[in-house]
Each structure stands twice: as structure tokens, then as C-alpha cells.
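My notes follow the display.

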Amino acid sequence: MNRTPLLTFILFLYTFVVARAADASSADNVVICEELHVCTLQVKDGVLCAVKSVEETTYTALHSDGFADALTMYNDNVTIDKASAPGAKPYYRSLEATDAFYSGSRVCYMRVPVEKGKKVKAVFHQTYKAPEHFCDVFLMSPYRKIHSRTVIKVPPSLAGDIRVRPFGFIEGMSLSSDTLADGSVIHTVEAQDLPAWRYEEDAPSSGLSMPRLIVTGQFSDVKALYRHFQKYVDDGKDDDAGIRDLAAELSAKAADRFALIDSIAYWVRRNIRYLAVEHGEYAFRPAPAAEVLVSRTGDCKGSANLIKSLLRHNGLDGRLVWTGTNGEIPFDWDSVPALCAGNHVIAACVFPDTTVFIDGTASWASPGYIPPSIRGRRVMIEDGEDCILTNVPDSGHEWDREDRRADFRISGNDLVGHMSVSMSGVMRMAFLSAYASLEPRDKVSVASRLVAYPRKNSVTDSVEVKAPLAGDRVTVGAQVTEKNAAKKVGDRIYLDLKPVRDMLLEVVDTAGRVRDYMLPYGYSSAFEYTVEIPEGYTVERLPAPLSVDDEWYSASVRYAVDGSILRCVAAVSPKTRLVPLKSIAERNRCVKAIRRASDSQLALVSAQQK
Amino acid sequence: MDRKIVYIFISLLCPVAMQAADMKFFRKAAEKVWNTRPDLFDPHREIPDSVREKFSAVIIGEYDYLEADYQSFRDLHGTNTRSERICFVRKMVKLLDSKAVEEFSKHEFGESGRIGVRYRRNLAEIDHAFGARVHKPDGTVNDVDVSRSFAISEGKNANDKNALKRIIDIPGLEPGDVLEYFSFTQDKMQELDLPSMRLTFMSEYPVLDIVMEGVFDPELTVEYRGYNGAPELETGVNEKGDNTVWIRRMGIPVLTDTHFVNRVRSLPFYDFCILNNTSPHRFYPKSSRKGGLYPDPFPGTIFRDISLVMAASDYDSSLPGKVRRILKDYRKVHPDAGRKELAEAAWAASNYVNLTDDRNDESDYWLALMFCDVLRKENLGDTLGVAFINPSTDVPTTEIVNWRQPDFGALVDGRLFISPDLAVCVPGELAAAYQGQRGASYPGERERLWDFTMPELFTTPLSKAQDNKLILKAVVILGDDHDASVSNELTLTGAMKGLGSSFTNAGEWIAEQEEYLSIPPDKRRKADATLPVDRKSEIDEAASQVYGLLFNGENHTVSDVAVLKRGIVPSAPDFRMEFKSRVPEIATDAGDDLIVRVGAFAGKVDRIEGAQRDRMTNIDFGSARQENYTITLMLPEGYEVDDQSVETLTNNVQNTAGMFVSGAKKSEDGRSVVIAVRTRIQHPVIKASGWPAVLELNDARVGFADAQLVLKPMK
């Protein structure tokens, strides 16, 4: 299963529209003055068989003539029955999401001329041929909406099954449900003056934050949903010589069953290239393990299927696991038994007393490491006709860290010494996946830049990257000359150590920002430096120690002098990745305080002067 | 050349029908490609360690093949001609790591097009095919089944039949494999020339062995030239009587230069023009050569073509009349204007009419012709002629291989008027790309050109560094939070005005030219529809980007942007802008002292490191240039500047490439410090051997970026 392309469509759709809309009607020249979106659930033989969607959007231009970009997505499961707007021609184009190699997704697009003060209506009629896909209705638009009404009509026979609930509603939105005399239920969202939904850097994904309606009841419960996924799983084709040979080869090298699991995970992650082919039922049907092995490519389902198969060939209880990822899916299977509650498949090895979860797409993950994307997530583990509902352990946070250490001496105006940066967990994954995508000739310079960060005027030498295959850390070390970091001015040396060198400790620009901020990674960093104080010099005064422990960070910067050695120890650890819009300024103040303490220089004075 | 003929011809070139080529075509292509030059492609070829250590992939063998055929036939409408080109590139690539696998696995292919129908025949057709096979280390060879590719379809009911192109990810690829693939294109043209082609040796990966081969029907005229030391092609005639060209080279390195590279003036390549000079249905100069190979054509040959094209050129355009009417109004308001001023006004008016009148959208060629005619009728030049010249971003004018290649302008009393970048040039100002270039012009009446004469060759003047200046005056006021508020005044002259191109849009250019040309209000174009709020946001964004080049730091913000002069009219030839900026964390504590990173205000500069410190090609800056930064730091209350730290800001590096000079001094009242930084690049192009001098300047600038002033509490 993979709904990622569907969600990605929507994200891409909005990015696409916003980019275009910004050209034509920035500053809200074009607005939606009225929108009516009616979705009618269709029944055949008492079963939900399709959903008809009619979307009528009326645009107007406030300041000058312009264009409205009206569009909707379609694919193998969703058809466009009608697309019309005065003065506009519908264009039907292929529009692949960036994270799918092929999904068959397409966009129907109309550039609608809108005259100042006049109204113009764009109409889309669509049919969801596979009604289980109709599980979320997004309510925002790149255009400001003055008024919008979204209606879901549920026929009497489905009234007891279908549930419609709000997610992420913002001010101006309300949902009501009315039962009509014939037993049908009408769910209506009325919305007034909704702001335009725009892309913002480092905002939480739209999957997490965009207001929408969640529609459930296509599946009676989680088990029914599981059976839907399970019908795409075909265990029959896994008795393959290639898999048998590989399973035996991996088994022969493994000391015990856990080592075998690690080595299977490692082999799949290193040898199976991520390639998402998600059109039609391939969004849910895992590619046969043998096919994944031969093609050396697979998406999450395919990789999980190969892991499962390799485990089973070694007598272990390998299974498929369906889940939704952190950062993309805000609910779990129990609360929302619908396709929109998941976007990912991993594998599991089930033992009587424990379960080991293996994400085949987590390239460069250390053995046993649970990536942040699935940590703590609710999962459905394949279990014959039924499934096991449980959670991935919420562990591994302590592995997500970067440690930087340097021993310097002062030479001329420069700091000279050896620096090492050691990364584990998510930082190890991020570094190694970026490093693997480089040309060999570029690797040294990229590693150098990492060591030199944040200085642009450093010279590095003897750069070394140590990434033991079975290890949990990658370490980049180099001889460093930090130019002008110890400037002599008269009898003084101004030492610019910049101990806190955390790439994500940035002030977020709040000007014009309308969405929350999300730290791209959550990890802790620690820093340790020594500097040899030149003979005849002493530290004039150590900077006051910094200690921060608030809602956003715990951080510290401390200096000490130990004979002729200046020592500095610092640490930064974010408390949360998500910062609500109203709190960004407060977080910025915290970040500034840490950065200011880090930027403080030390004056070394000659003993003579003192 | 009657423009009507061209219009009629173009009107036949529609509609364009696009669809993906079919599998039958792929099979035909594969058969042709896989059966050629097997000797070049040995998957077991030894890969040198020096390549293995530096690259993800290496091209073991490459075969660039170009074949052009010709046919003439008669039908009810008379004699027709048709030419067909097949070209393909076949490559064998050793994939050394997973990056190479990722990069070489995905391919997009199969686009086809049919352009226009004339007498039930396509005037132009193009089809594209792809094929691949994988050589495994154990010696097995797997042909890739392209029918398993995915169709990229469009239309309401998209399916395989209406696919526009196809995509494939080659299955089973692993590091250590050898991928062999081809990209095959077939063009068919009726009456028209085949598309020109550029064949290059160098690629992103080292090439161990490359062969380029061309086979041409003797009826086709093939004019070609090698550039930048490209070796001479061997020529001959094959058993079928076709003309052939051929070359083989081994061990082609990868260009590692990334800064200041002018590829077209540095790297070896060939330009091929394959001309059908026999068609009775279309225009070509009467001097055109008949079928055959014409390597390195003598410039005069192409110049003669140009002269005869000009002689045959006639037009029926309202542009000259409109330009003359504007000139008439201009003369009324500026009765003292001399011929130079009037020529500039005529050039501005020509571009103005071309831009504003929907019925006029002339190419540089026609604009130059009409402009010359206007000047001639207005008696605004003693010697004036249509000129042709290539900019420094193209091959030299004296090395063109086809009359369509150069840009066209007008040479008026020795001054070149040529399609300028309107947003950054005063009418008649010569853009940097055309400076120091050799060009040619045909003065006098065009009719005279039927009798061929050599054009007058000329070389455009080269501007000096002081003609192309960036001048930034910044006044820096520190805040309590260690941020700084900065008032900036930016002036750009000459080629440096390119930095200001985003500050003038078409509407603003038009409005300013209307003012300059004194066009009466009732004849002016309706104001631009851009909303002021939108334009402000565009200007702010552009200013922020420009400041990103002026300030060597991050997270700055820009506000209060005021464009004072655009540098597009003679009365205000320079660009001037004022704006405010806010830069964070520019000061830091050092005990009781305050350290201010003043070096950050002297321009963005990055250290050139590693392999980039070696140089293969000439260094092309586009123009000589000078940057002057004057930074006034206002000292905060209670602080005074440390005199010794003022002294540390002194630099003086002067060498053959240019100079970097900096210095600072306290104001008389002691409440501010003025830091002056000057950088100069002396020449637009410096030979590769001059790279150490350029690095010396760059290193000095990078060092200055860390420059800081120490402020001490007042005693």
C-alpha cells in the first residue's frame, strides 16, 4: 500500500498552483467569492460503489483583471466528467509527483480569465470509481475564499456507516450534519473568509496541517481495512531460487538471528534502489519479492516484501506491516480506519516475545535503529485473516545526535588543529545518503565543508570519513585552519571560537509568515573544544556561562581555563520540532540568546599588558 | 528575401502533432545502432585507477553518428525536395558506484512530432527512439525491453495510444555493471534545411574512446567548422558516393573549471549546418553552395551569403513610419539635438515600436534593416550599414558557418547599435558581450549588395574597469541586539548594470522611453497592468537578491527600496538605487569590547578551494570591472574604536589580474569609521595562466570578509 503519491499529488498540486497563482494574482487580487463542492456517495446493491463530486468555484478579481488557475487531479481511479469555465479551455496533462517514478497521475487545468469586479465560475465534475479513495476532502485553496460550502451527501443505506469529521479546522470553519426525512445524511462545512494556503519554507507538511474532512466507513473497521490491503498480498510467488540463494548467503554470515535480521535489512537497503511505481492498484500491491530482487528496485512495499521473503526463507516469521509516517500522517488506523491513515509499508520479524520492525527504505540506517519517520507509529502487522495492531517502539531519540570536537592552537591569526564531527541516528542517515549521491571527486570538499561549518574561510586537510558498515556512527575528521579566528589586535588576541555549530539553530523569519514552523530534523548536538593559550597570554575574562532550559531548547555554553588550556563545552537540544506560528518569535529569542553566547569572543591579553 | 514568402511558409507549419514513437520504430532504430561499430564497445575494457578514484562512471566508448539523406521528386505541383537526417549517440558506460546507477537508470524517450501538412505531406517530422542493454560482470548481456516503459499520456482519457513520450527505469542495474544505450533521432524535412548540430567531445564523465562520424548525401551542402582546437575531421567518399567525415579520439578529460568559464570560447566542438540548397520552394541566398562538404568555410563565403540575403530583403512594415513620426515629435521638443542624439532616439523609438505595437515583432535582422533605412531617410549618418556580429557567448563572427548565425545590428558612423538588453542599456550603449568583438557591416544601399563586395570589418571598443562600476555606500548603525540597520546607496555603471536588470520591467522601460522620446501623452501606451503592490513585492525580492551579492552573510532583510535611476536613457546613464537593510548578529561581545564584522559589507565572496585552484580554460569575467565599497560604521554611544584594529583593515594587493585595496580611517569627531574597499578586474578575459593572480585577489577578498573592528568602552 502506498498513499504517498495521492497525498503528494495534493501537496504538489498546491505548490504548483501557488507558484502560478503568485504570478497572476499575488496579494490576493483573485479570490474565490463562492465555492460549492458537493460530493454524493453512490450505492449499488446496498454497497458504496462510487462518489460523484461537483465543484463549482466562483472567482472574482479585486484590483485588476487577472487569471484564476482552476485545476483538479485525476488518475486511474478518479475520472473527470466535466471541466468548464467561460473563456478557458481545459488542459489534461500528466503530472508526476516528485517522489514517484510513475503514478499515472494527471491534472486537469484551466486558466480562467477574471475581470475586475466580475464573477466567473469554474466547474469540475469528477467520479471516484474506487470510493475507498474518497476518505479526505481538503478545504483550502491557494486563493482566499470569501465563502465556501462543502457538502457530503450520504444515502440512507450508508447513513449508519459513513462518518464525517473535521481535521485541523481553523477559525471560520464549521461542520454540521443533518438527517433528512428519507434517512440520508447531509454533512456540510460552511467556511467564511479562509486565507490563501501558501507554501512556506519549513512549514509542517500539508498532510499534517491542512484543514480537511475525514470520511470513514468505507471499511467497517480496521480489520476490514486490513483485509483490503491483504488482498493485494501474494505470497505464492516467493519461492524463487534467487531469493533462496541470497537468504542462504546472508544466513551463512550471520552469527545469530538478530544479526541475520540486521544483515537482511542492510542488504535490502544497500541494494534495492527506491523506485515508486504507483499507478492503479500498484499503489497497494507489493511487487513480488523475486521481481524486486531481479530489478534491484522497489518502493516501500516491494522492499518490505523482499525482507519478508528473505526472513521466511531463513525460518523467521517475516510479515508485512502497514503504517503512516510521522510528519505526514496525523492519525492512526484505530481512529481513522481509512486509506488516508497510512502511506507506508515496512516489514516485521515476529518472535513470540518481541517484534522487530524493519524499514527497507531507510537507507543508511544503523542496525537496529528505528528511523524517526516510523517511531512510535501505530501499525497493522499481517497476521493471516486478521492483523495485529500495535505500535513501533518510540525509541532511538538518543541516537539522533551530532558531536563535534576540536583541539586548537593559535597560529598567526588562525586557529589550527584537528576537528571531528561524529553523527549517529538520523544525522548519520542524512549525511551518508547525501554523501553517497556525490561524485567521488566531490566527496572530500563536501566533507570539508561539513567540518568547516559555519566558517567560509577555513582550510581543511587530511579529510577522513569513517563510516563502519555495522557501526552506528559516521565520523568526519580533518586538520583545520580557521582563518582569522584568532585575530591579533595590538597586544590582544580576539578568539572567535563559535562553539555552537548547529546547522538548524536558525532564526526563523516571521515577516509575512502565516504557517507554523517545523524543524527539518530533531537531534541533539554537543561540542567540545580545547585551545592552547599562547605563552605569555591569559584570558582576560571568560564569557558568562549560558544555560537555557525553556519550552524550545535545552542548551549550554561553558568555558574554563585549565592551566594553559582553554576548554569550551556546549550542547544544544531542541525540545520539539513543531513550533506554532504564535510561538516562533519566542523561539527566535531563545535561538538568538544561544547564538549570541556562542558568538561571544574571548580576549587573550599578553601578561605584559595585564 | 520577401517577408511575405516567409510568412506563407511559416503558416504552413501548423498544426504541430505530437505523439510517442511506436515500438516498430524503436526496433528499427535498435537494429541500425547495435550493428554499427562493435569494435568501439568493449565492456571489459580496463578502467584506469585515476578515473575510478574520481568519478562515479566512465564512458568506455561513445559513437556519435550523423547521416543525412536527400531526395528530389516530381508530382503534380512540380519538383519537390526532401531531406532526412538520422543521428544517434551510442554510449557504453561503466557504472562505478550507486550514484552512477541512480543517474543512468532513468531515461525519457520516444517523443515524436509532425509539423504541418502541405499538399498532404508533412513538412517536418521528428521521431526519437531509445534502446539499452546491460552487461553484467559475469559476461551475461541483458537487452532492456523498452516496451516495459511507462507511457506519459495526456488527454482526458489518457492511455498508451495517446502517449507523448515514455519513461523507463532500467531494471537490474548495479554498481559494476556496464550500461550500453543509445538515443536515436530521425528528422525528415521537406524543402527545409535540416537542423544544425553541435558535436562536443567533453562530457560530465571521462570518455576513454570516442568516434564521430557523418555520412551525407552529395546533394546536401554540409558546412562545418571545428572550434577551440577541435582536431580536423578526416573526409572522404564512401562506396555509395556519399560524403563522409570522421574522427576518433581517446582519453577525453572532464572539465573541472566551474568559475568564469566561457564554454563556447574554450572547449573543442564542431558546428554542422546541413543545407538543402536545391529546393525551388524556399528562399536561400543565390551564392549558396551546391551539394558537398565545406569544412572551415572562408568567412568571405558566408559574408557573401549575408550580402545577398540583404540585397534580396524587402519588407512591408509600419515600423519605420512609426519611428519617423516619433522622431518628428522628438525633434520638435529637442530642436538642438545633434545627429548622435537623434540616432540614439531613433534606436530607442525602433525598439519602443517593436515592443509596444502588436503588429510589429521584428527579429534583430529586420529591426537592423529598418533602423538603417530610417537613419538613411532622416540623414542621420554619414556611413551607416547593417552590421553582423556575434557576442562573446557565441563563436567569433569570422568563424561562422552559416548566414543565420550572427546577431544583426547597425553600424552608424562607427558606432554599433545592436539588440541590447533593454532593461540595462541606454539606447546605443554596447552591451559587454559585444565589446571587443570582431564584426562586419555593409554600408550603403542594400541594392548595391547584388554585386558582392567584402564587408567592412570592425572591432568594437572594449570598456575599461572604471566604465563598469559597482559603487556601494553603506551607513551602518548598530542596534542593542547586535544587529545592524544599514542605509545603502547603490550605483551601477556599464556592464555592472546587469545586476539591476530585475528593477526595470517592460512597462517601466516603455514609460521611461516615452518620457525620453517626448512622446505626446495621448500617443503613449496604456499604463502597465501590474499592481503597485505586486511590483513592490517584485522589487523587494530583486533588491534582496542583489543584497545577497553585496553582503557576505545570511538572514538579512531589505526594505524601503527606491529605484532612483534605471540607467536606460541618455540623461541618466547609470543605475541608482537606495534601500535599507537589516543584518543580524553583525556584532559580538568580547568581554567589555564589541567586535563588528565590517568585512561582511564588502561583497559576497567564496573561497575557491581544492581542485578549483587548478585551471584548464581561460578566465572569462564578461567585462573588466570595479567594485567600490564605502562603509561608514557609526560608533554606538559609549564606545570608541580601537586604533590598532583600524590599522588591521589595510590591504593592498595589486597584480596582473587587477587589485584589491582596503583601508579605514576614523572620522574627525571620532564617532564613525569609514572603511573603503576597492576591487578591480583589469580585463574581461584572462588567460588560464593568469589564474594564480585571480586566486590571489580572491583570497585577499575572502580574508577581508572576516575583517572586524574592535570597539572599546570609552574610558
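These entries cover the interface, then the sheet.

**Interface.** I kept in mind that this is a predicted model. I listed the contact residues: chain B gives 64 and chain A gives 49. I then computed the area buried between chain B and chain A, which is about 4800 Å². Carbon and sulfur atoms give 46% of that area. On the chain B side, I found that Phe150(B), Lys156(B) and Glu585(B) lose the most area to chain A. Together they make up 13% of what that side buries.

I counted 9 salt bridges between chain B and chain A. I looked up a pair: the side chains of Glu439(A) and Lys99(B) form a salt bridge at 3.1 Å, N to O. Helix H4 (residues 98–105) of chain B supplies the largest share of the chain B side, 5 residues. I sorted that side by type and got 21 nonpolar, 16 polar and 27 charged residues.

**Sheet in chain B.** I traced 8 strands in an open, mixed sheet, ordered E25-E26-E24-E23-E30-E34-E33-E32. E25 (557–566) and E32 (651–654) of chain B are the edge strands. The twist averages 10° from one strand to the next. I checked E25(B) against E26(B): they pair antiparallel over 7 bridges. Val558(B) has Ser581(B) as its bridge partner in E26(B).

**Helices on the sheet.** Helix H10 (residues 532–550) of chain B packs on the sheet, with its direction at about 100° to that of E25(B). I noted that helix H12 (residues 691–705) of chain B lies across E30, E32, E33 and E34 of chain B. Helix H12 of chain B runs at about 25° to E33(B).

Terms used:
Residues are numbered from 1 along each chain as its sequence is written. Chains are lettered from A and ligands numbered from 1 in the order in which they are written. This is a predicted model: local features need pLDDT of at least 70, side-chain atom pairs count only at pLDDT 80 or more; totals for chains, interfaces and linings use all residues. Side-chain values use heavy atoms; hydrogens and water are left out. Contact means heavy atoms within 4.5 Å. Buried area is the accessible area (1.4 Å probe) that two parts lose on being put together, summed over both. A salt bridge is a side-chain nitrogen of Lys or Arg within 4 Å of a carboxyl oxygen of Asp or Glu. Helices (H or I, at least four residues) and strands (E, at least two) are DSSP runs, numbered from the N terminus. Ala, Val, Leu, Ile, Met, Phe, Trp, Tyr, Cys and Pro count as nonpolar, Asp, Glu, Lys and Arg as charged, and the others, Gly among them, as polar. Two strands pair if DSSP finds at least two bridges between them. Axes are lines fitted to C-alpha atoms, for helices over the stretch in contact, and angles run from 0 to 180 degrees between N-to-C directions.
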